[in-house]
Protein chains: 2
Amino acid sequence: MPETPTVAARGPIIRPAPLRQAVYDALTELIINGSLTPGQHLVEAELAARLGVSRQPIREALQRLHTAGWVDLRPAQGAFVHSPTTEECAQLLSVRAVLETHSARGAAQHATPPDVARLWELQETGLTALAAGDARAIVEANAALHAHITHLSRNAVLAELIPQVDRRVRWYYMPIAKPRGKDAWSEHARIIEAIAEGDPDHAEELMRRHTSNTTDFYCRQIASVAGRGV
Amino acid sequence: MPETPTVAARGPIIRPAPLRQAVYDALTELIINGSLTPGQHLVEAELAARLGVSRQPIREALQRLHTAGWVDLRPAQGAFVHSPTTEECAQLLSVRAVLETHSARGAAQHATPPDVARLWELQETGLTALAAGDARAIVEANAALHAHITHLSRNAVLAELIPQVDRRVRWYYMPIAKPRGKDAWSEHARIIEAIAEGDPDHAEELMRRHTSNTTDFYCRQIASVAGRGV
DNA sequence: ATGCAGAATACTGTATGCAATCATCCTCGC
DNA sequence: GCGAGGATGATTGCATACAGTATTCTGCAT
């Protein structure tokens, strides 16, 4: 559009960077914060108008959202916000457990002292968020810590795959972040210690138990609430 | 890629015109068989002319190829066929090992007699290809068998993630398929037996050793050719 | 009143056109 | 001779336009 992109107070994209990326970020945000509810039909023209762009970047972003598992793309019918089921959450957590366990082993093999120092920093951030009781900050810190452990594993494929799973887990994990937090972060500390000592077997085993605990906690929480699966 | 077998019951497969899917398949084929070499710049207009479609489906297919790891997409510069490194191959194989191991466990827990019968059919196909010495058929049968084991794990997330890794492994695996074949398929047989007996621990352990053997074989092969291993 | 058939509508899928950007190469100055 | 700057060609990114198809509403017959 010939309009000057200077005035972009709300909603519309501000960055002169690739539009599809901005659209992708905007849509994930809208899905995470609940502006777009599971099962909702996403009309391309509507989204285009809402974000102030044409349908083309919208389509490309929807493709990426599809491969990332955020939306279901049904041919000749359009995009729908993905509706997570309890089975899928459990599967997601189980796969995440396997991948994270593997990355913990790699991290213990490759981590350097500066790397470990960075981990302790992230651990501190998490504890602060936990003390403040900010669920969103807790989840974010948790993701940052796990992401860095993945990074330390020096495995590009792992680093590419885990975020795909982890971001979705993050979404489902939000409601249980606070009650689970205390135990989780003390487990984190032990994992970091094992990585610092360069003990792959120990780090792997600790991460296995950590993710297993998280999964169990989630399943129990779901069971106690019952009927949260759409 | 396998469509959901739950609905694929009757009626001729009516494909309205999923051009992007056809383009995606065509391009992957071109990459696998070497018509498009690693590092090559993929010009949209050129591909469009070559496949007889417009640039739009090409663009969408390239997006998917990017997320699948087949091409690198550099902003404002275009798509380039991904150049695999030996480190990446090793990482790919290690991640695949972890995921396949997990899926073998799931398969042993959920497989029914008909499922097992199907596995034996696929095993037979593989042995036939092995006897014929057709490298391509061997790799294909191997992929089919592993894919079915993944399917039997009844884990949608796994079924979504593994092909992303496996198809790329398939590509790198081609050169070593024949020499590795004999041992691989006898190991397959034992894994199928464990699944048939519903023994998750045994199936998991066998698959772990199987993938480990494949990884080692690959690394040794690379080392003997290039002179530098991992 | 209910079920079905037909048309209208809305949306997706595809094609084409235009502007911005990047790479390359030639020319000019030192 | 060598490096810097600008011009030119090519290619991507975005927008718009058109065609095909699924959905929905309406009207009619049962």
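In what order do the three strands of the open sheet of chain A stand? The structure is a predicted model, in which local features need pLDDT of at least 70 and side-chain atom pairs count only at pLDDT 80 or more, whereas totals for chains, interfaces and linings use all residues. Residues are numbered from 1 along each chain as its sequence is written, chains are lettered from A and ligands numbered from 1 in the order in which they are written, and side-chain values use heavy atoms, with hydrogens and water left out.

The open sheet of chain A has the strand order 1-3-2, with antiparallel pairing, where strands (E, at least two residues) and helices (H or I, at least four) are DSSP runs numbered from the N terminus, and two strands pair if DSSP finds at least two bridges between them. Strand 1 and strand 2 of chain A each have a single partner strand and stand at the edges, so one side of each is without a neighbour in the sheet. Helix 3 (residues 55–67) of chain A packs on this sheet, touching strand 1, strand 2 and strand 3 of chain A, and its direction makes about 115° with that of strand 2 of chain A.

Strand 1 (residues 41–42) of chain A is joined by two bridges to strand 3 (residues 78–81) of chain A, with His41(A) opposite Phe80(A). Four bridges link strand 2 (residues 71–74) of chain A to strand 3 of chain A in the antiparallel sense; Val71(A) has Val81(A) as its bridge partner, and Leu73(A) has Ala79(A). These two strands form a hairpin with three residues between them, and Ala76(A) in the turn has a positive phi of about 60°. In chain B, strand 2 (residues 71–74) and strand 3 (residues 78–81) likewise pair in the antiparallel sense over four bridges, and Val81(B) is the bridge partner of Val71(B).

Helix 8 (residues 177–196) and helix 9 (residues 200–225) of chain A pack at an angle of about 170°, with their axes 8 Å apart; axes are lines fitted to C-alpha atoms, for helices over the stretch in contact, and angles run from 0 to 180 degrees between N-to-C directions. Helix 8 of chain A is therefore roughly antiparallel to helix 9 of chain A, a term for angles over 145 degrees. The contact (heavy atoms within 4.5 Å) includes Ile191(A) of helix 8 and Leu206(A) of helix 9.

Definitions and conventions:
Angles under 35 degrees count as roughly parallel, over 145 as roughly antiparallel, 65 to 115 as roughly perpendicular and the rest as oblique.
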